[in-house]
Structure formats: structure tokens, C-alpha cells
Amino acid sequence: MLRVTERMGRMTTERELSRLGYDLLLRQRQATDGLRVARPSDDPVAARAVVELDDSRQANAQHQRNVDLAIGDLDVADDALYSATELLQQARELALQLANGAISTEQRADAVSTVQGLRERLVAAGNVTGVQGSIFAGHQTDQPAYDISGAYLGDAGQRQLQVGDGVVERVGLSGDEVFRPSGGEDAFASLAALEAALTADDGAAIAAAGARLDTARQQVVESRAQIGAQIGTVLKQGELLADQDLRYSERRAALVEIDGVEALSELVEAQGALQSALQVSGRILNTLSLVGQL
Amino acid sequence: VGGLLSGLGVGYSGIAAARAGLQLTSQNINNANTDGYHRRRIDQSSKLGPPVFGGGVSVDGVVRIENRLLGTQVETSGGRQGFASARQGLLSQVETIVGDLGEDGIGGSISRLFSSFSQLAATPGDGGARDQVLSAANQLVNAFNHASSRLDALQSAIDDNVEVTVQQANGQLAEVAELNGRILQIEASGGNAAELRDRQDTLLAELAGSLGVQSFAGADGQTTVLLGGMSLVQDDHAVSLETAPNAALGGHLGVVLVAGSDRHELTADVGGAVGGQLAVRDQSVGDARTRLDQLAFDIGTAVNGAHAAGFGLDGSTGNDLFLLPASAADAAGQIALNSAVGRDQLAAASTAGGAPGDGANALALAQLADDATVAGGGARTATQEAGALVGWIGSEVDAAIAEEAAASDELAHLETLAESEEGVSLDEEMVRLIEYQRSYQASTRVMQVFDQMLEQLMRL
């Protein structure tokens, strides 16, 4: 039969109280910070997954910022192309109107300044800036896309943004693609041709310039459609990213967080266990001995 | 008359035995809570005397209750528990160094760097985005440098601790040897050396816990202390242990046995707490450092390769973003930002001239985040490898916690068994107290009776 000594009781009590005290401390921490996994050893598999998940969340947040940037610049480009379309439409209508043989030389001469104003406004539309600088200057974003004469100062560089894991979208168009496409009509040159025809009081040339302006307007409309398509693509990607962020957050919570009610109930349970152990230990250590009976 | 007189002697022997028993019971009671104390019992026998009736009771000595088999098991288990406990405690420190799950940990810093590249790709001409890349790169460098220096500091702290523990152990070994000599002397002259044996057992338990030594008692009762098959204490002679830098351990301290001009390397044989510390210093920290160095080197190499291919705003090209050693060795400690790369030298552009709106190279840098050949021997992304590092240290600590719990349970079980045999039960001592008290009263009564009988005889 196993002899039982007072010290055995004390050793067992110390060990048990220490274990219950540690358990209570752990539950307190979990109830306070709400984390089931605070360090890798709490759950190595979950901790490893958390590192990769947090990386995905951070990348996702950056992709969302990129989407916001893209949308901002694309909106600016869209507004600018809307203005350009309107300007070219006004110029075309003016050409149609002034090409008429009944229009006097003075009337045509008076219209020159109007066309010059339209050209300046078209240059301004081509020189709009966004977060990145000049929207239509290709990679030369630190300078205007066009000089005052409408000469292109940018390059053919294409702006590409990462808007998802392995998803890179082209954002915007260069000025050359919009106002002077290869094999297409040069919007600025068309306006210059109209201006020259008005100055020369040449009805046929005015009509020809009007036709060129119509082509240029069509080109800008098509470019605006491309910008619209880019906005649509990026917006859709933004929605995907928002969904992903939600999924990442839910998955992270499932991996590392502890349910509040569960944490509280485990804390109460641990408190109760320690309290009971303390009471029982005190009673056994104090009373169950011959020392007090003799 | 002679018979009556011898009856008085018999009564007196009972009084003497009861008094000795009471004294020993008192000693047991007083030391019920003394660590290392083994309960004692009076060894008494019937005294030879006149034929037929005997000569009373004789106290032959004091017996120290001891179970040698359990003692050996407790010692071995104490060494295992010391090893597991020290290893678990130190591995938890390694975990805080390389297993940080927060944004400032290795994994978080890697993510931030690649996100900053993505931001730079979106706004390559923006000074803020460029500052952000430099800041994120600096944070990653700091995370690696800091982890590396903390691992260094941990190894140095372990060295210091090993040195102090070995010095303490030398004092304890010398005391064990000295006690051997005194015990032999006392017991040879028929004395009781129980107190000295208690002290010796306490020292041996401490040595087992700190160094994992093993001891056994020889036929002459002398304790021999062994470590890795080498004798540390033999009779009344102890050898010294020393700590000395060991090239095979990267210059860290090893444990050497010094016996005259002979020196024996014992580092691999040391157990107990020091063994656990050495295991963490030489294996776990080494493994963590190797992984950390390789990760720093892999990320640095991949980023440098992509960065050097691009162009800065000032047209510069061929610049590394990070300064790295030639190989992965100590890469985490040595990785640094290339001071030649500032805002304008950050190679966001992929075309010569470094057009401010050209973020193609920054995009290539950002896409390294998803490149599954960057780390882990060409099989993982940088973040996956950082996650693997976290998973690895988590598993190591988790296993160490389980090992420590098992070792503690085993030790507690064996200590309980030993205590059951060797410890003092106050209940038992109370019973014996009454027993000896009654025995004393009875013996006194015996003497009183014989005295009265003698008195009556004298009156005749």
C-alpha cells in the first residue's frame, strides 16, 4: 500500500494549483485579446496559414488602392474625352455651318478666333492631370502631353496597374492613341486645317476640315468607349477584391480568434476550477491529519 | 537480589529506547518539510541478558529509509525534466524572435515591401511612393537584422549561463566528494551520517537537473558521479569541468572535463538544464538562423536581380537595392539597404531614361511576391517561406511544451513514489510519538515495581 505523507499532498496540490493557475492565465488572455492563436506554438498550422493570409490581405488592400487610383485617373480621362468630344462636335458643326457659300468672308474671319479657342480647350483636355501626372502623356507624366500648338510631347508608354494576384490591367490611353491614332485623323491638325480654311475663306476646305473633325470626334468617342471599358473592368475587379477581403477577414477570424461567449465561459470555468481546487486543498491540508486530532 | 537489580536494568533499557525513539520522532517531525530529508527509524533489538528472560531492549542505530532504485530513476528523470524545461523556455524565446505574427515580423515586413512595389508601379513618379518603398525595404532589413542580433544575444546569454552553471557544478561536485570522505569516516566508526547523505542526495539531484549526471553507490557506500561515461567524482576526489570556446560550435562555449593534463570534450554528453540550453543554442537557434539567413538572401537576391534590370528617375541602372554577403551565411545579419539607392535611383522604370510614368519594373518587383521560385530552395514564394519558418518554430515549441509536460509528469510521479517511501508522514509520527510515550511510561512503571520489590526485600 502506498504510504501517504503530508509532503505528497503538498506536492500534488502545488502542481495542480500551478496547472490550474496557468490555465486561468491563458483563459484571461484569450478573453482579453480575443485571440486563440497569439503565437505560433498555440497552433503551428494556423499560424503558418495566418502569415500567408495576412500577406494576401495586405496585397489585396494594395490592389484595392490601385483600383481606386485607376478609377480616379480613368474618371479624369473620361471627363476629358467627353469635353474633347463636345469640342470637336462644336468645331464640326461650325465647319458645316461656315462651309455654306452664303457665309460671308467676315463671318468666316470672325469664326477663326472661336476655332482657336476650341483648339486651346482641346489642348487643355489633352493635358489633364491625375494622381500620376499627365493622363495622356504616356510615361512622360511629369510634363504636359501637348504644347500650345497641339504637338504631342508624350510617348507611347502604357500604364499598367496590378489590381489582383496575377491581374495586371492597362489603365488609360496615350494622347497619340486618342487624338492622333496611327492611320487615323489628327484632331489638332483637323482644327488647324479648319482655322486655315476659315482664314483663307475657302468653303471647300472648310467642308473638308469638317469631315476630318468628324472622323477625329469618332476616334475620341471610340477612345472614350475604351476608357469606359477599362473603368468597367477595374470596377469589377474592385468588387472581387472587396469580396476577397471579406473572405480573408472571415478566414483569419476563424483561424485565430475565439468566440467571445466561448472565451468568457472558459474563463469562468477556469476560475471555478481554481477556486474549487483552492478550497479543497485548504481543507485537506488543514484538517486531514492526526496532528489536529490528538 | 541480582534478578531484581537486572530487572531495573531491563526497565532502564526500555526508557532509553523510548527516549531515543521520541528524539528521532521529533527529528522526523521537524524535518517533514525539509527538501531531501529521508525519514529515520530506530533500529532496535532485544538485548542479550540472563538466560530465559533476556536483558531488555537495545538501540542498535538509526536507519535512514532509502530506495536506491527509485533514487536512480528520480535522478535520471530529473535530468530529462531539466533538459526539457530549459529547452522549452529558450525555444519560446526563439519563437518570439522569428515567430512574430504581427505586421512588424518577418512575414509582415515582406508583405509590406512587395505592396510598396505595387504602389510604386501605380505611381512611379510619386516621391511618396518612392519613400514608401525605401521605408518598407528598411523595415525588412531591420526585421532581419534585429532577429539575427537577438539570436546572437540569446546564444551569448546561453554561453554565460552555461559558464555560471558549470562553475556552480564544480562546487557541488567538490562537495559531493568531500561528503564521500566524511561519510566513510563516520560510518566506519559506527556513526550516523544520515544528514550528510541527505545533503549529498540533494546535491546529486541538483547536478542531475543541471548537467544530467548519473550517480551510483559502491559497495563501500561511496557515491560515484558519472557524465558521458567519465567519472566526475570518485571516492573523495572530484575533477573540474571547464567551459572553453569550441570552433566546431561556432566559437561558442563547450564543456570540457579537466583531469590533470587530460581534457575530454563532454559537450555532447551534457544533459539536464545545461544540455537543454546547449541543444537550443547549437541546434534550434542554428536551424532558425539558417532559415532566416537563407530567406534574407533569397529575397535580397531576387529583388536585387529585378531592381538592377530597371532604371531610376535619374537614368541610373544596374543598382542593387540590398547589400548582401556573397553567400547565405549570416545574410540576415548583414543585409543592408544600398545607400547608393535613394528616391531617384529606385528603378521603377523598365526603359532607359527612367520616364517618371514608367512603373513596369516596379510592377516586375511587385510580382516577385507571387513568384514561387524565390525562396524555399526554389519551391516557395518569400511569404510562404516566412510562413514555413513560423510553422516550424511553432511546431518546435509545441513539441517542446509537450515534452516538458511529459518529463515533469514522469518526475512528479517518481518523486511521489520516492516520497511515499522516504518521506515523513506526520500521522505515522504521531502514532509513534504516542507509542514511545506509552513505552516510556510502561518502562518507568517496570522500574517502579522492581524498586518496590527491592524495598520490600530490604525490609526483611
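In this predicted model, chain B and chain A bury about 4200 Å² between them, and 55% of that area sits on carbon and sulfur atoms. On the chain B side, Leu101(B), Glu419(B) and Ser420(B) supply 14% of the area buried against chain A, more than any other three residues. Counted by residue, the contact takes 57 from chain B and 46 from chain A.

Polar links run across this interface too. There are 17 residue pairs in polar contact between chain B and chain A, and the salt bridges come to three. One of these salt bridges joins Arg7(A) to Asp35(B), with the closest N and O atoms 2.5 Å apart. As for where the chain B side comes from, helices H3 (106-122), H8 (360-367), H9 (382-422) and H10 (426-459) of chain B each give two or more residues to it. H9(B) takes the largest share, with 20 residues. By residue type, the side of chain B that touches chain A splits into 21 nonpolar, 22 polar and 14 charged.

One chain A residue that touches chain B is His63(A), which has Ser118(B) among its contacts. His63(A) lies in helix H2 (residues 44-98) of chain A. With a relative accessible area of 4%, His63(A) falls under the 20% cut-off and therefore counts as buried. Neighbours within four places in sequence aside, its other contacts are all in chain A: Gln162(A), Val163(A), Gly164(A), Asp165(A) and Leu241(A).

Now for the aromatic residues. The structure holds six aromatic pairs over all chains. In one of them, the rings of Tyr146(A) and Phe179(A) have their centres 5.7 Å apart and their planes at 85°, which makes the pair edge-to-face. This pair ties together distant parts of the chain: Tyr146(A) is in the loop between strand S2 (133-134) and strand S3 (160-164) of chain A, while Phe179(A) is in helix H4 (residues 175-179), 33 residues apart. Both of these residues are buried.

Tyr146(A) also pairs with Phe188(A); here the ring centres are 4.6 Å apart and the planes meet at 40°, so the pair is tilted. This pair, too, links distant parts of the chain, as Phe188(A) belongs to helix H5 (residues 187-200) of chain A and the two residues are 42 apart. Tyr146(A) has a relative accessibility of 2% and so counts as buried, and Phe188(A) is likewise buried, at 3%. Ring pairs join Tyr146(A), Phe179(A) and Phe188(A) with Phe136(A) and Tyr152(A) into a cluster.

Key:
Residues numbered from 1 in each chain as written. Chains lettered and ligands numbered in written order. Predicted model: local features only at pLDDT ≥ 70, side-chain atom pairs only at ≥ 80, totals over all residues. Heavy atoms only, no water. Helix = DSSP H or I, 4+ residues; strand = E, 2+ residues; numbered from the N terminus. Buried < 20%, exposed > 50% of the residue type's maximum accessible area, 1.4 Å probe, protein only. Contact = heavy atoms within 4.5 Å. Buried area = accessible area lost by both parts, 1.4 Å probe. Salt bridge = Lys/Arg side-chain N within 4 Å of Asp/Glu carboxyl O. Polar contact = N/O pair within 3.5 Å; in protein donor to acceptor, adjacent residues only side chain to side chain. Nonpolar A, V, L, I, M, F, W, Y, C, P; charged D, E, K, R; others polar. Phe/Tyr/Trp six-rings, centres within 6.5 Å; stacked < 30°, edge-to-face > 60°.
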